[in-house]
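I opened my notebook for a first look at this structure.

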Amino acid sequence: MPETIRARGAARAAVFAPLDGAGRAALVEQRLADAIILGVLPSGERLPSEAELARRFGVATVTAREALESLRDRGLVETRRGRGGGSFVQPVRDHRPLVDLRLRELSRVELRDMGVHYAALASAAAELAAERTTEDDVEGLSRLVASFDVSEEGAARRAESTFRLEVAALSQSARLVREHVRLQAEFGPLLWVGFREAVHRERALDHYRAVIGHLASGDRDGARGTTLAHIQEAVEALIDEKVAADRRGS
Amino acid sequence: MTTQLIGSRADAVAAVFAPVLRLLEGWRHPLAAALAAGAGERSALLDPAVERLVTPALSDRSTLVVGAGFIAAPGLLGDVPLHLAWWLGKFNTLGAPPAEAQVRRLPAVEDPSSEDFHDYTFMEWWRVPAETRLPHLTGPYVDYLCTDDYTLTLTVPVTRGDELLGLLGADLYVREIEAALLPALTGAPGVLTLVNRSGRVILSTDPHRPSGVLLRNAAGSGATALPVEWGGTPLTLVAEA
């Protein structure tokens, strides 16, 4: 059989391969593991029930169960039975090896492409928001940012995601907001790996205030440019972490 | 356009929101009665009372309501600090594909220590009617908590004497309000634009003026602004030549 035909046949088979339970369970596990390892789901947080997880991820209950079992095996969650029971996020004693492992499985190309996709979306949302933001909205955002406590890295990642979502909502586009939620779920925690450095967390706060300033003055270019620059910085910090992870792993 | 003509269009706007307002006002007394009878002691007692009141409207497409419920004032209930007793209509696609959507409870997070917990007292749909004690239309806004879509939310205060017990509310999709309202506004000479109290466009007969943009300084450019008398906080119909 000519090589090309065989290759084509295999590629087609891969496209139409059933999304088996194992593959989907691994995806669900990865989402939750990223969020736990990077503190977006903080220690002590109760995860939704198996049935609720299945509904939210759009997978079978048995798939959600399998993902939870893997998380339990890795010590990332603990399941308690009975009243007040459920699956609880466990404290992660040493994040570094877990984050390293995750960074080593992704290429620089993939990491950068995540950043490009997210930056395109977030900067377009900020640009639109600049001409659609009222004084009330500005006040609401300022209050939100004032309530952020970024002394801890998981909290800083949650703050980042909240701020981004609120700005997206000000674009008045339901589709942009839904896409934001989707991307944040897919790689939000990973993108903000750089927040383990306090200096990056502090810079983020400055950035939020700058964006609010641009929204208040209706400065579309300012809102877009600042947002792009902030996310590009995050991507460079992420790549630095990736390089360091590769070095430690070799 | 004459003030009289604009006035008749403003009445047409009021007529779209009036049935929703009447619906909520119709729930006020039974709800206050349930609270007086002790339903406020625990959320488990309150929820069935709210469910009975609001779910019939959620299966009835003629109301345009895609979500409705009661939002308790902080401290009203004995067992939880804040409580959102909210149901989603059959036509509300939040978290469910359209074919599978049923009338269902909005899963609300009431543990203040959880990351998914939202303190709704910061939100416009709570803040404004709680302060003015008047029905209030919030939006258009992207509501990523209760509809995941471009939304208008009507909230009315429920009080006992001076005390605010909570709010009754209903969600409407902006796209459905457009379909219901635009025919009543088009056909007149010039441009008519309905704006909320922040000057945000709810809809306009100018097809190139999207919902959600801000109409700044329209009144200063030879336009006529007429209040829509609908029984709540101000909505304005702006007529331009």
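**Ground rules.** I am working with a predicted model, where local features need pLDDT of at least 70, side-chain atom pairs count only at pLDDT 80 or more, and totals for chains, interfaces and linings use all residues. Residues are numbered from 1 along each chain as its sequence is written, and chains are lettered from A and ligands numbered from 1 in the order in which they are written.

**Helix pair.** I looked up helix α6 (residues 108-130) and helix α9 (residues 174-191) of chain A, which pack at an angle of about 140° with axes 10 Å apart. Helices here are DSSP runs (H or I, at least four residues), and strands are E runs of at least two, numbered from the N terminus. Axes are lines fitted to C-alpha atoms, for helices over the stretch in contact, and angles run from 0 to 180 degrees between N-to-C directions. α6(A) and α9(A) are therefore oblique to each other; under 35 degrees counts as roughly parallel, over 145 as roughly antiparallel, 65 to 115 as roughly perpendicular and the rest as oblique.

**Chain contact.** I found 14 residues from chain B and 14 residues from chain A in the contact, where contact means C-beta atoms, placed from the backbone, within 7 Å. On the chain B side, β4(B) gives the most, with three residues.

**Domains.** I noted domain 1 (11-176) and domain 2 (184-240) in chain B, with bounds from an automatic or database domain assignment. Their centres, taken over C-alpha atoms, are 26 Å apart.

Note on methods:
Two residues are in contact if their C-beta atoms, placed from the backbone, lie within 7 Å.
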